[in-house]
Amino acid sequence: MVSLFKEKKNVDVLICGAGPVGVFLANELAEFEINFRIIEKLEKHPEFSKALLRSFISIHGKRCQSETSRYTPRHYLIDALHEKKTMRKKHVPNVEFCMELIKYEEKDDHVIAVVKNTKNNVEEEIICQYLVGCDGVHSTVRKGINGWTFEGQTLKSSWGLADIEIDHELIKYDQITNFVVPNEGIIVLFPLGARKNTFRLVVKICDEEKKNETNDHVTHGLTNETPLPLEELQKLIDERIAPIKLELKNPVWISNFRINERIVNRYRTGRVLIAGDAAHCHSPLGGQGLNMGIQDAHNLAFKLALVIRNQAADVNKLLDSYEHERYPVGKNVIEGTGFLTKMMTGNDYFTTFIRTRVAPILFQFFPQSVFNFQNNLMQNNLHYLPGSSEILHKYKPRSGVENKLIEAGHYVQDGLLMKITSHKLHERITMFDIFRSTALKHTLILFTLNKGVTADCNPLIETLLEIYNDYKNTITPIIISYQGIVHDADVPFMPFQEEGREQHIFVERQFELHEKYGVMKEFGQQAFVLVRPDLYVASAVFEDDVDELKAFLDQYLAKADR
Ligand SMILES: Cc1cc2nc3c(=O)[nH]c(=O)nc-3n(C[C@H](O)[C@H](O)[C@H](O)COP(=O)(O)OP(=O)(O)OC[C@H]3O[C@@H](n4cnc5c(N)ncnc54)[C@H](O)[C@@H]3O)c2cc1C
């Protein structure tokens, strides 16, 4: 095969793979106006999606839901990328199809990636500052560096998937339906939402001998085996759930898949990082693969943006925090979905006993523990641990006062506020509305009690402005005051208004938001909360300890030139 080197091009980030995770990362980098390319070896986006959009994808405030199984998460994300292209005057790159990463080499200050155009076999060298592998389970990026392992196991079972229509009184369009069949495992029906009778059927076809697969050859996800024809699938379902009869109609897509439970030993090697299925894969029964990959990309994007813009105090520390924050989440989900899959499909005496005898009791008498397990598995209430991440502030008040402040590593809380405008108008606004307008930077919130928002009556306003002046490029300051003590005359002129930004002072009437963030009246202390662009709290300190916040910022973000 002819292979010609054509040209060398420089770019800040090269994203390998335009699956949902790669395209999400591209969207994020486009928001941060980072110079990137995204390559995909396929000729076009696949028509069908492995992952369902059951729990919406939210892209910078826009919520999308699957209308048909043909319109996949990838398509939504691609649309979002195109929208950015249209809305912005700046260049936003398209996915480059038929471009396959063949190999790469990491140098001190760049990576050289060799990419082949699969239509004409012309090879191109792309020189990038960072290479991010979003190239799925068989990741070329992961295999490109010795010692980057993908440990775990291949389950001894073969599965079928079909997007079909079912009309039956037992099957509700707004519920997931499970049939747990003794000795055969499970049959699950997920509503697809396109029409009330469209579902994704997932069924364990059979158990098989354990595959002896290595890191280099992992069969996970959809397989190339010929799927069961509809008649055989119908027969299998009829036999397993008789006397119930579900008629499977009008299949849009039938496929087979296999399950692996694997995770990498690291998420980063120097200038090369991986995200999504390239880093972890597990049973799709919890429906978490896509969510987890998108969270990886969300966690990584702002860190890459800080590094590329020279706004990180310590590049290695910041990039290492990506692995330190995301690895435990991956491990936890793999263990949780692994346990769930075993419990729902295992045929041995122990699992059958748990499934048929213990689980019904748990559901009946301890619904909260079942709910907690499910919540954990679905990554609701996810938070990162300050002890494991270099960029989360481990804080203990010096005064010894009980610390009820929201902890670093926790996701922000929403609440209702009034926005103070210059014409005596107070508009209602939510905390999330505010974050939507500030989230390309960190948001530094000063929670005042009732001490006012002018520098004369509240010296912390001065401190806030001081910090802002040091970190102008990376921090947006806002003030959340308590009760209607703000009048037009009190609103000071904030230097950040020079940038043409809106007023950054908000008032809350109920004290709820202060309480949600742990700023309690009885402690009498105002507080600063620093929120990252991915909306996790980086630091929260009482006013007495503002020097600690400054010291933390010193280690985290580079100061702006004054
Ligand atoms: C049957 C099934 C059902 C599932 N259901 C759900 C669900 O309901 N909910 C959920 O959250 N998750 C689900 N998942 C998991 C979900 O599909 C994956 O987690 C998700 O697709 C991972 O996205 P990704 O972008 O990381 O990888 P992929 O979707 O695998 O995309 C990787 C892309 O990289 C490209 N690529 C690979 N190598 C190269 C190269 N060398 N050069 C250029 N391009 C390359 C590939 O062509 C591909 O387009 C399911 C998975 C399966 C198998």
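I will start with the contact pattern. Of the contacts in the protein chain with a separation of 6 or more, 70% are accounted for by residues 24 or more positions apart. This is a predicted model, so please keep that in mind for every value I quote. The chain has 562 residues, and buried residues make up 54% of them. As for secondary structure, there are 12 helices and 24 strands in the protein chain.

Next, the ligand. Which residues are closest to the ligand? There are 31 residues around it, and the closest are Glu40, Leu101, Thr140, Asp277 and Leu290. A polar side-chain atom of Glu40 is 2.6 Å from an oxygen atom of the ligand. For Leu290 the backbone is involved: one of its polar backbone atoms is 2.8 Å from a ligand oxygen atom. Pro20 also takes part through its backbone, with an N or O atom 3.4 Å from an oxygen atom of the ligand.

Now the helix pairs. Two packed helices are described by the angle between their axes and the distance between the axes. I have two pairs to show.

On the helix 5 side, the contact is made by Met292, Gln295, Asp296, Asn299, Leu300, Lys303, Leu304, Leu306 and Val307. On the helix 6 side, the residues include Val315, Leu318, Leu319, Tyr322, Glu325, Arg326 and Val333. By class, the residues of this contact between helix 5 and helix 6 divide into 11 nonpolar, four polar and four charged.

Between these two helices there is a loop, and Asn310 lies in it; helix 5 covers 289–308 and helix 6 covers 315–345. Asn310 is not a glycine, yet its phi is positive, near 55 degrees. Is Asn310 buried or exposed? Its relative accessibility is 64%, so Asn310 counts as exposed.

The second pair is helix 10, residues 460–470, and helix 12, residues 546–556. Their axes come within 12 Å and cross at roughly 5 degrees. Helix 10 and helix 12 are therefore roughly parallel to each other. Thr463, Glu466 and Ile467 from helix 10 meet Val546, Leu549, Lys550 and Leu553 from helix 12. Sorted by class, the contact of helix 10 with helix 12 has four nonpolar, one polar and two charged residues.

After helix 12 comes the segment that holds Asp561. Asp561 is exposed, at a relative accessible area of 76%.

Leu417 and Leu513 are 96 residues apart in sequence, with 8.4 Å between their C-alpha atoms. Leu417 has a relative accessible area of 1%, so it is buried. Leaving out residues up to four places away in sequence, Leu417 touches Glu427, Arg428, Ile429, Met431, Ile434, Ile480, Phe506, Val507, Glu508 and Leu513.

Now a lysine. Lys204 is in strand 12, residues 198–207. Why does Lys204 count as buried? The cut-off for buried is under 20% relative accessible area, and Lys204 is at 4%, so it counts as buried. Its side chain has a polar contact of 3.1 Å with the side chain of Asp207. Beyond the neighbours within four places in sequence, Lys204 is in contact with Ser157, Ser158, Trp159, Glu184, Gly185, Ile186, Arg240, Thr345 and Asn347.

Last, two backbone details. A residue with positive phi that is not a glycine is Asn121, at about 60 degrees. Asn121 lies in the loop between strand 7, 111–117, and strand 8, 122–133. With a relative accessible area of 17%, Asn121 is buried, whereas Asn310 is exposed.

The other detail is a cis peptide bond between Ala242 and Pro243, with omega about 10 degrees. Pro243 is in the loop between helix 4, 230–241, and strand 14, 249–264.

That is the end of my list.

Methods:
Residues numbered from 1 in each chain as written. Predicted model: local features only at pLDDT ≥ 70, side-chain atom pairs only at ≥ 80, totals over all residues. Heavy atoms only, no water. Axes fitted to C-alpha atoms, helices over the stretch in contact; angles between N-to-C directions. Helix = DSSP H or I, 4+ residues; strand = E, 2+ residues; numbered from the N terminus. Parallel < 35°, antiparallel > 145°, perpendicular 65-115°, else oblique. Contact = heavy atoms within 4.5 Å. Nonpolar A, V, L, I, M, F, W, Y, C, P; charged D, E, K, R; others polar. Buried < 20%, exposed > 50% of the residue type's maximum accessible area, 1.4 Å probe, protein only. Polar contact = N/O pair within 3.5 Å; in protein donor to acceptor, adjacent residues only side chain to side chain. Near = heavy atom within 4 Å.
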